[in-house]
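Dear colleague,

Please find below the structure that I am handing over to you. My findings follow it, and I would ask you to read them with the structure open.

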Amino acid sequence: MELTMQQREAARASLAARREERLAVLEELIAAGVQVMSEDIYVERGVQVAPGATLLPGTILRGKTIVAEGCVIGPNTLLENAVVGKNTTVNASQVYDSTLGENNKIGPYTHVRKDTVTGYGVHLGAYVETKNSNFAMGNTVSHLTYIGDSDVGKYCNFGCGTVTCNYDGENKFRTTIGDYVFVGCNTNLVAPVTVGDGAYTAAGSTITKDVPAGDMGIARERQTNLEGWAKPKMQAYIAKKQKLEAESK
């Protein structure tokens, strides 16, 4: 439905007022010693940003968010009711109702969901999602991983594709991981389950039983090769691709 002239004027006035308020907040932050690197930043009233923090373009800070000194937030980052410790970077990510420790490196494209708590020096990288989990200091979760309803000890390394299987369709269960654990790529940790200190899980394993400290958990069949099985199945595919290759020359 087309707006009337009066409605359009009212909308323009409202937009101008909101822009004026947004810029006023940014000016106050600049005066307080915050590095505001663009007008393309939105900070709600009530958000606390310490002097010495840097806000990059596309940053949105909402609710009861607190950003400590030395932090770099953005670009293209949303923090809502988040507490961010000193010298932490949050790049192209979203953080909700969570607490990030000092010297964390978050992002890009990290989704930190409610009740995540990280210690000193934690890295949560590309396409990592966390929820209701505690990470002690020094954990590295570089990419493509989901960690939910978990308690993680210090200096653990998570391989690409790790998933905590915390929900059975009715109930949520917790995963407990000790200190200095190495979780191999594409590991499924089926909660409730515990991985002890200094333990290891082999890549491609689905862990359904506790792994004692110092042990390696491996849960996969030995490889079997079926001789000649693929040849007839792949003939048409290979011929099609070879034709395309010939036509492209």
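**Findings**

A236 is exposed, because its relative accessible area is 60% and over 50% counts as exposed. This residue sits in helix 2, which covers residues 230-248. Please keep in mind throughout that the model is predicted.

**The chain as a whole**

The protein chain contains two helices and 28 strands. Its radius of gyration is 24 Å, whereas the globule rule gives 18 Å for 249 residues; the chain is therefore more spread out than a compact globule. Along the principal axes, the C-alpha atoms occupy a box of roughly 75 × 55 × 40 Å.

Two pairs of residues give a sense of distance within the model. A236 and G58 are 178 residues apart in sequence, and their C-alpha atoms are 49 Å apart in space. For V25 and V163, which are 138 residues apart along the chain, the C-alpha separation is 41 Å.

How much of the chain is buried? Of its 249 residues, 36% count as buried.

Among contacts in the protein chain with a separation of 6 or more, 10% are between residues 24 or more positions apart.

As for charge, the protein chain carries 25 positive and 27 negative side chains. The centres of these two sets lie 7 Å apart.

**The largest nonpolar core**

In soluble globular proteins, nonpolar side chains tend to be buried together. In this model, the largest nonpolar core has 43 residues. Which of them touch the most other members? They are L29, V43, V49, L55, L61, I73 and L79. At least two residues of this core come from each of helix 1 (5-31), strand 16 (123-131), strand 18 (140-148) and strand 25 (193-195). Helix 1 gives the most to the core, with four residues.

V43 deserves a look of its own. When its neighbours within four places in sequence are left aside, V43 is in contact with V25, L26, L29, L55 and L61.

V25, one of those partners, is found in helix 1. Is V25 buried or exposed? It is buried, because its relative accessible area is 7% and the cut-off for buried is under 20%. Leaving aside neighbours within four places in sequence, V25 is in contact with V43 and R45.

**Backbone features in the loops**

Most residues other than glycine have a negative phi, and most peptide bonds are trans.

Which peptide bonds are cis? One of them runs from G74 to P75, with omega near 0°. P75 is found in the loop between strand 7 (72-73) and strand 8 (78-80). Another cis peptide bond joins G107 and P108, where omega is about 0°. P108 belongs to the loop between strand 13 (105-106) and strand 14 (111-112).

- N81 is not a glycine, yet its phi is positive at about 55°. N81 lies in the loop between strand 8 and strand 9 (83-84). With 28% relative accessibility, N81 counts as partly exposed.
- N103 likewise is not a glycine and has a positive phi of about 55°. N103 is located in the loop between strand 12 (99-100) and strand 13. The relative accessible area of N103 is 30%, so this residue is partly exposed.

With kind regards

Notes
Residues are numbered from 1 along each chain as its sequence is written. This is a predicted model: local features need pLDDT of at least 70, side-chain atom pairs count only at pLDDT 80 or more; totals for chains, interfaces and linings use all residues. Side-chain values use heavy atoms; hydrogens and water are left out. The radius of gyration is taken over C-alpha atoms; the globule rule is 2.2 Å times the number of residues to the power 0.38. Buried means under 20% relative accessible area, exposed over 50%, partly exposed in between (1.4 Å probe, protein chains only). Contact means heavy atoms within 4.5 Å. Lys and Arg count as positive and Asp and Glu as negative; His and the chain ends are not counted. The place of a charge is taken as NZ of Lys, CZ of Arg, CG of Asp or CD of Glu. A nonpolar core is a set of buried Ala, Val, Leu, Ile, Met, Phe, Trp, Tyr and Cys residues joined through side-chain atoms within 4.5 Å.
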